[in-house]
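Biologist: I would like to learn how to read strands and sheets. Can we work through an example together?

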Amino acid sequence: MRLFPTIGAVAALLCTQAMAQPATRLVWQPVQEYFIHRDENQQVLAGTKRLNSFTAYTHIGTDFGFHGPAEHEIEWLTDEVVVHLSQQPEAWAGMWHSLAGQARNPHRVMDFTHAYPDPVAIPYQPHITAVMIEAAGRGKIKLEIKSPADEQRWTQMVELTSPQYRMFVHPVAPESVRDGKTLVWTAEPGSEVKVSGLFLGVEIPQMPWDAYTFLASYAKIARSYSLETGFVRDRAHIEEGAFESVSATGMYVLASAAAAQEPLGMVSPDYARWVLTRTHEAMKKLKTGRGLLPHFVHKHENKYCIHPGTEFSTVDTAIYAQSMLLAAIMLDSPLVAEDLVLQMQSIEYDLLHLPDGELSHGLTDDGITLLPHGWKDWGGETALVMLMEGIANPEHRPPPMRTPGKAWQGTGFITELQSLFHPDFDSDVPDAHDGVRWLSVRRAMLGAQRAYIPKRWPQSHAAVNGIYGLSAGENQAGNGYYVGGVDLPDQKLIHPHYILMSSPLHPQTNETYELLQRMEKASYFPPWGMVENLNVDGRSYLPMEGALNAGFEALSAYHLFAKHRKVPDAIYAASLKSPHIRRAMQLFYPGPPKAPGGDKETAAQ
């Protein structure tokens, strides 16, 4: 577990920089730690032309590369980058790291006076006040921050005199970097150096941990949203138009509506309404498959369409549509809400049913061919699909789910997905469709998740620190989807989004916040948001900023905040307010809806 310097430890180096802002706390955000994620038997190679832009990225959701006359002499070993220049007295080499978006996009920059995306309100904006490099060797390393026009905004020289690694911290005046594009380090001629990490010192305004948890999670998904297109990129580091996620886009809109609610007020209501309208109009232009939206889209011939090789998806349409409908209700946008209901009602459900009566997962990219698998496994995905169809036809009765109350493979997110949107499943009244006591099942899953790693790996870093989450997401190398679960043996890969997704189940909400504070110290929950996954031994983690899990995290953090503060949950209130959702929910709960947090009945709004 890496523990970074505190404000006190670096005060002398930062001079008065940190002391000038007593109402902040300093947290180190990795720009890049130079470990390598790769498949077994994959050879480690040096050089700039061997990087896959889809899987090679910084820890802040941007791209990077090498530069200098001797760039092809750079060796990237397992946990460090090594530069040998002692035999080349005139040559230099190093690495650049984009600070916002891809380096070739001059319109995306980082303003060090407010480092989070612009929509975040000024009182919540962190400042960047320091740069730190972890390096060793003999010679000099030049640090620079440059603008999109390659103009120098800041520079420092690091003198290396020891083969042992040291942290070198240098202050930055935030006002001097309003258009930071790249952070660059360069090994000077004649140097023999190695670098293992590069970091930004982030001064975060003082705020309670419940608010900060939501803020960091919201900012994570906000970095993938495009104001110009209205879509959310599936990964923050890829270019706009290449690979956008429809379901994550809907969740960003809903998270923005939550961020606009009091007592948060992290974005303005006007911004949240603008995002709702902008995204709704962008989605309406998409070609659908029998009314279903694509799972992923890309820009082709100056317009958006389904990404080749992906599907028109029932579950992604359900997540998007229910996210947007709740956001429209929260933001008092009845015309958008009505239009979203009409879109759900216009789906050709009769042509999407399989012979056994289940709704198909969707259609291939031709918009016609039915996918052969249906929604029959028990869990939140199937529930959301059933609710979407119920909004169109409240009298429809789908066939029973398979293995009621048991998530496939014990995968964490499956028991929690539905509760991102609706409060009804926070109840132990047996549901009318399958007789499942959802709250008990969810609590049992949480117990199994928390017990799994201490039982299987009792001395592991994760067990000692109470970290858990056998769920689904990117694999350890970040180049494929991985599904874990408590019913599988010898699981070592943790997807910590489950910590937040299950957090409202804890009787003591402080337990989750204390765990997140421990994770922050270990760099698993840095200012740029929760890591995608980590290994039980704590030595390896994937810093990819994936939009889907960022959406899960932001919405979960909002529910946890509302429970912790004992304030009305605006997302759940919107679900209770919608007559269309209430009629559809009769499939599971024919009586009055249940109050969030238990079995007490309340009157439907």
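Modeller: Start with strand S11 (residues 244-245) and strand S12 (residues 296-300): two bridges join them, and they run antiparallel. This is a predicted model, where local features need pLDDT of at least 70, side-chain atom pairs count only at pLDDT 80 or more, and totals for chains, interfaces and linings use all residues. Residues are numbered from 1 along each chain as its sequence is written, and side-chain values use heavy atoms, without hydrogens and water.

Biologist: What are helices and strands here, and when do two strands pair?

Modeller: Both are DSSP runs, numbered from the N terminus: helices (H or I) have at least four residues, strands (E) at least two. Two strands pair if DSSP finds at least two bridges between them. Strands of a sheet pair through backbone hydrogen bonds, either parallel or antiparallel. In S12, Val 297 is the bridge partner of Glu 244.

Biologist: What is the order of the strands in the open sheet of four?

Modeller: The order is S10-S11-S12-S13, and the pairing is antiparallel. Strand S10 (232-233) and strand S13 (303-306) are the edge strands, since each pairs on one side only.

Biologist: Which way do the residues of strand S2 point?

Modeller: In a regular strand the side chains alternate between the two faces of the sheet. In S2 (residues 64-67), Phe 64 and Phe 66 point one way, Gly 65 and His 67 the other. All are buried, meaning under 20% relative accessible area; exposed is over 50%, and partly exposed is in between (1.4 Å probe, protein chains only). S2 runs antiparallel to strand S5 (residues 93-98), joined by four bridges. Gly 65 stands opposite Trp 96 in S5.

Biologist: Is Lys 285 buried or exposed?

Modeller: Lys 285 is exposed, because its relative accessible area is 70%. Lys 285 lies in the loop between helix H4 (269-284) and S12.
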